[in-house]
Amino acid sequence: MGELKMQHTIHPDFKTYSGRILKHIEDFGNSGELVFGGARNEIRSIDIKGEKFNVKSFKIPHKLNAIIYKYFRPSKARRSFEYASKLLNLGISTPQPVAYFEFINKSGLSSSYYVSRHIDYDLDFRELIHNQDYPEREKILQRFTEFTYRLHENDINFLDHSPGNTLIEKTSSGYKFYLIDLNRMRFEKMNFNQRMHNFRRLWLSKAMIKIMAKTYADLYGKSFIETYDLMLEYSRQFQKKINFKKLRRMGRRPKFKDA
């Protein structure tokens, strides 16, 4: 495979942590505490000088992508770091980016890691889907819609705007939202259709859409009906696409959630 070469960037505030972070990465499989382990990516939590960080290891790319990430396109780790920095500059909350590391050989990108500061949070968006009785659920949905509107107004098209990718912290002044899993994002002007399309992956029920469409319509200056209908349509399309094969095997017809 050839000799590995390392490329990395570390945030100036964390320069003194560079060596210790690298040691954790070099022994990644045995380092820290496993937070998430999947077929694609793995996240481990590490402690350095009493501070907690999350290290995300991205799936080793196949041969073509390994070449693309070496010569033509930033790696997912690098994009995560750069997009997080850009979000913070725009006033959008995300865990503090600390560093990214890329390991490259003659065949291309071999592995990559993104390091961010750990945050303590109270819930993620999935809780609002599964628990209709969650305290202040309607209020959180309204605030989340305002947060999404701010993304759109700042020309941020978060392509993975899905339930697990927004962490929610309850604060003394309300609720704070943090975007995570940032490597799929475009910075572009978004028209009304694109904005409603951006809600589709959130797995919204009709009741949730009523709340969120009212909030977004007031902010954007559209009618509630037009906003509701388009948000509902895109949500239906996405949910039907995901569920169709599974429900068909079960002998049931796709049904949209009401609650």
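Visitor: Why is Asp160 called buried?

Guide: In this predicted model, Asp160 has a relative accessible area of 15%, and since buried means under 20%, Asp160 counts as buried.

Visitor: What makes Asp160 and Arg184 a salt bridge?

Guide: The side chains of Asp160 and Arg184 come to 2.7 Å, N to O, and a salt bridge asks for a side-chain nitrogen of Lys or Arg within 4 Å of a carboxyl oxygen of Asp or Glu, so the pair qualifies. The pair links distant parts of the chain, with Asp160 in the loop between E8 and strand E9 (166-171) and Arg184 in the loop between strand E10 (174-179) and E11, 24 residues apart.

Visitor: Why is Arg184 called partly exposed?

Guide: Its relative accessibility is 35%, and because the partly exposed class lies between under 20% for buried and over 50% for exposed, Arg184 counts as partly exposed.

Visitor: How do you know that Lys189 and Asp155 meet in a salt bridge?

Guide: The N to O distance between their side chains is 3.7 Å, and as the cut-off is within 4 Å, the pair is counted as a salt bridge. Lys189 lies in the loop between strand E11 (185-187) and H6, while Asp155 lies in the loop between H5 and strand E8 (156-158), so the pair ties together parts that are 34 residues apart in sequence.

Visitor: Are the two partners, Glu153 and Arg195, buried or exposed, or in between?

Guide: Glu153 has 42% relative accessibility and counts as partly exposed, whereas Arg195, with a relative accessible area of 6%, is buried, because buried means under 20%.

Visitor: How many salt bridges are there by this rule, and which residues are linked in a network?

Guide: The count comes to 14 salt bridges, and Glu136, Lys139 and Lys170 are linked in a network of them.

Visitor: Why is Phe14 called buried, and where is its place?

Guide: Phe14 has a relative accessible area of 4%, and buried means under 20%, so Phe14 is buried. Its place is in the loop between strand E1 (5-10) and helix H1 (18-26), and, leaving aside neighbours within four places in sequence, Phe14 is in contact with Phe53, Gln96, Pro97, Val98 and Arg117.

Visitor: What makes the protein as compact as a globular protein of its length?

Guide: The protein has eight helices and 11 strands. Its radius of gyration is 20 Å, close to the 18 Å that the globule rule gives for 259 residues, so the protein is as compact as a globular protein of that length. Buried residues make up 46% of the 259 residues, and among contacts between residues at least 6 apart in sequence, 63% join residues at least 24 apart.

Note on methods: Residues numbered from 1 in each chain as written. Predicted model: local features only at pLDDT ≥ 70, side-chain atom pairs only at ≥ 80, totals over all residues. Heavy atoms only, no water. Helix = DSSP H or I, 4+ residues; strand = E, 2+ residues; numbered from the N terminus. Rg over C-alpha atoms; globule rule 2.2 N^0.38 Å. Buried < 20%, exposed > 50% of the residue type's maximum accessible area, 1.4 Å probe, protein only. Contact = heavy atoms within 4.5 Å.
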